[in-house]
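Thanks for asking me to look this one over. My notes follow as numbered points, to be read with the model open beside you.

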Amino acid sequence: MIRLEHINKNYVSGTKTVVALDDINLQIQAGEVFGIIGRSGAGKSTLIRMLNLLERPSSGRVWLQDQDISTLAEPQLRQVRQKIGMVFQHFNLLQMRTVLDNVCFPLRLAGLTRAQQKARALEVLELVGLQDHVHKYPRQLSGGQQQRVGIARALANHPQLLLCDEATSALDPETTQSILRLLAQINQDLGLTIVLITHSMDVIRRICDRVAVIDAGKLVEQGEVLDVFLHPQHAVTQSLLSESGVEAEGWQDMAAEVQGRLLRLSFTGSSTATPLLSQISRDYQLDLSILQGAVSRIKDVPYGQLVVAANGDLSRWSQVETLLAQQGVDCEVLRP
Ligand SMILES: Nc1ncnc2c1ncn2[C@@H]1O[C@H](COP(=O)(O)OP(=O)(O)OP(=O)(O)O)[C@@H](O)[C@H]1O
């Protein structure tokens, strides 16, 4: 759908050059929800703005379907941008215009008549659940409702791609959930490709199919959300996960106090509901103590991680490993 090829972006201010993006290669598939996560200053905003060329790369190419859009002049780019909607952290609504007029705005720029603008605006406002608020002004709406207007405006021109720039960062947790549910529904019902940037692993966990981790302008890790959550490779990914409380970490502090073989067990899907530990304990006469645990969901898939100490006769350990593998549980030996 959209592909970044060897993208570099430098900002020069005075004698200083800031390398905001360093050789980024990224491919986003049609129909997926793709999350980009990183710490403050990592380059997330610069990266998402490359996808609609609100920022031009210092070098490298941006492909939308089979077209290299990085070489287009502004007038052609404006046409391409009509197919790429964008949602902003602080909504960016016109305060002196009604909800309806805010959504009509991009349709007017696209050359639709007033009647066509109104018909389409009402359609997308209904889609985001704001049909009863069309004549209000932004200041009369809650933050979540304002973001719904932002989403309706972004959807007005039937985009193929929706970019969300920290779309839920200014919202409280409950409103964040309702906006994330709306984005997931739009992705499913309209088949719309969504790219979002966030500093929250919770946002990634709730709606993304794939994730890329960016650190100091470099893409340090990417993959399916489930794989990255269960087997994070890069130190930044590991610390973002452990801060978000969705990874079973912190076991090191307790490891010295317990004896036996230390294991990290990763469960997904139906294996999270299987009483596997009691079965192993009973059948192999092992004492199992849980040092750390986290159980959650990635999109609709339950998953969990447990750090467990196993004590007793470990001579039949290979059978335990076979049983775990048969049940789809990944077993990593943290201490033999
Ligand atoms: N217009 C600019 N001029 C100079 N430096 C810039 C400019 N925009 C961004 N930068 C720098 O580029 C780097 C990446 O910034 P960017 O805003 O993309 O990061 P971010 O991950 O989105 O951060 P945050 O989460 O805080 O918004 C930072 O060091 C930032 O200071």
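1. A word on contacts to begin with: two residues are in contact if their C-beta atoms, placed from the backbone, lie within 7 Å. In the protein chain, 68% of the contacts with a separation of 6 or more are between residues 24 or more positions apart. Please keep in mind that this is a predicted model: local features need pLDDT of at least 70 and side-chain atom pairs count only at pLDDT 80 or more, while totals for chains, interfaces and linings use all residues. Residues are numbered from 1 along each chain as its sequence is written.

2. Now the overall picture. The protein chain has twelve helices and 14 strands; these are DSSP runs numbered from the N terminus, with helices being H or I of at least four residues and strands E of at least two. The C-alpha trace spans about 80 × 50 × 35 Å along its principal axes. Of the 336 residues, 37% are buried. Here a residue is buried if 20 or more other C-beta atoms lie within 10 Å of its own, exposed if 12 or fewer, and partly exposed in between, with C-beta atoms placed from the backbone.

3. How is the chain divided? The domain assignment gives domain 1 (2-242) and domain 2 (252-335), with bounds that come from an automatic or database domain assignment. Their C-alpha centres lie 39 Å apart. Six residues from domain 1 and eight residues from domain 2 take part in the contact. On the domain 1 side, α7 (201-207) and α8 (225-230) are the elements that give two or more residues, and α8 gives the most, with four residues.

4. There is also a record to compare. The UniProt annotation "domain: ABC transporter", from an unreviewed entry, covers residues 2-241. UniProt positions are given in the numbering used here, feature names are shortened, and annotations may be inferred rather than shown by experiment. In the model, residues 2-241 are 38% helix and 28% strand, and the end C-alpha atoms of this span lie 27 Å apart.

5. Which residues have the most contacts inside the largest nonpolar core? They are Val103, Ala152, Leu163 and Val195, in a core of 85 residues. A nonpolar core is a set of buried Ala, Val, Leu, Ile, Met, Phe, Trp, Tyr and Cys residues joined through C-beta atoms within 7 Å. Strand β13 (residues 301-312) supplies the largest share of this core, six residues. Domain 1 (2-242) and domain 2 (252-335) both give residues to the core, so it lies between them. As for Leu163, it touches Ile48, Leu51, Asn52, Ile84, Gly85, Met86 and Val195, not counting residues up to four places away in sequence.

6. Strand β3 (residues 33-37) deserves a look: five of its five residues are buried. Val33, Gly35 and Ile37 are on one side, Phe34 and Ile36 on the other, and both faces are covered. Five bridges join β3 to the parallel strand β8 (residues 193-198), where Val195 is the bridge partner of Phe34. Over four bridges, β3 also pairs in the parallel sense with strand β9 (residues 210-215); there, the bridge partner of Phe34 is Arg210. Two strands count as paired if DSSP finds at least two bridges between them.

7. Next, helix α3 (residues 99-109). Its buried residues include Val99, Leu100, Asn102, Val103, Cys104, Pro106 and Leu107. The buried residues of α3 pack against α4 (114-127) and α5 (143-155). Gly111 follows α3 and has a positive phi, near 95 degrees.

8. Another sheet to check is open, with four strands in the order β12-β13-β11-β14 and antiparallel pairing. β12 (286-298) and β14 (330-335) are the edge strands, each pairing on one side only. β12 and β13 are joined by twelve bridges in the antiparallel sense, and Gln305 in β13 is the bridge partner of Ala294.

9. Finally, is Gln188 buried or exposed? Gln188 counts as exposed because it has 11 C-beta neighbours inside 10 Å. Gln188 lies in helix α6 (residues 173-190). The C-alpha atoms of Gln188 and Gln95 are separated by 31 Å, and the two residues are 93 residues apart along the chain.
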